[in-house]
Amino acid sequence: MLSTRNETLPSEVQDPVKKESKQDGISPECKLWVLGNYEYSQGGLVLVKEILEHCAEDKENFSKQLSHRSLGCIMKDVFRDKVRLVQRGPRGSIQRAYLNLQRIKKKQEESDVLPGSSSIFSVLPTINVPNGWHYIKDGTDQVSFIRYESWEFSQQRGITELRVKQTSPQEITLQAKAHGCSVDLKTGLGLEEILSKLPMERQISLATQFIENSHICLGFQLSDCDSVYDYAATCYWCLSKHC
């Protein structure tokens, strides 16, 4: 969170709630579950009913439930205009479906490998992250994935960071950082139930996708009569304001 006096912030920084008004009521776990199970595919078609049934059946990995409303919100936020809600079927039995969507096929090796059973550095070549992300090795047990932003503040380019630390052969922590604030994706946003059951490289890949598809609070400008302490109790990184 950027907060300062007498500084001119970029236009996108001055509106911390941009596009957030429609994003209340959906848990980060639901969003992560969708990201981990469905992907964009030109011409693909998945029935809404099939997605909801899939979520209800996946009790071993996911304990929450998706509703039609929450699924629609997540789809719009994650896939934007690339995936559209359409109607298919004969008159009298029309069903709603998502066009340009497909279910991700789980790799056999993903179910066979214990979560975090390798060195963090040994899995780096296998990690798929969104375009624009780079990694930096920080010591013997830590890697930072960095995304450079398109704006500057106080003549410094903004960055978003996912800091990954291997705490044991089977465990890693995932800390998202931006603009002086940080949040633990597992304990702070409640994503541990899903992430901890996945291999290390899959955890990192999903974490970067989650950040990529979340709205990060870029801060706001204080007037001359305001104090940053007046906002301290309510300032929180907007990854917690889910889609």
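**Entry 1: Asn100**

I began in strand S4 (residues 95-103), where I found Asn100. I was looking at a predicted model, so I kept that in mind throughout. Next I asked myself: is Asn100 buried or exposed? Its relative accessibility is 9%, so Asn100 counts as buried, because the cut-off for buried is under 20%.

**Entry 2: Arg80**

I then turned to another residue with a positive phi. Arg80, also a residue other than glycine, has a phi near 55°. Where does Arg80 sit? I traced it to the loop between helix H3 (68-79) and strand S3 (84-88). I looked up its accessibility too, and Arg80 comes out as partly exposed because its value is 42%, which lies between the 20% and 50% cut-offs.

**Entry 3: the sheet**

Which order do the five strands of the open sheet take? I read it as S5-S6-S7-S8-S9, with antiparallel pairing. At the edges I found strand S5 (133-137) and strand S9 (181-184), each of which pairs on one side only.

**Entry 4: from S5 to S6**

How many bridges join S5 to strand S6? I noted five, and S6 covers residues 142-153 and runs antiparallel to S5. For one example I picked Tyr135, whose bridge partner in S6 is Phe145.

Notes:
Residues numbered from 1 in each chain as written. Predicted model: local features only at pLDDT ≥ 70, side-chain atom pairs only at ≥ 80, totals over all residues. Heavy atoms only, no water. Pairing = 2+ DSSP bridges. Helix = DSSP H or I, 4+ residues; strand = E, 2+ residues; numbered from the N terminus. Buried < 20%, exposed > 50% of the residue type's maximum accessible area, 1.4 Å probe, protein only.
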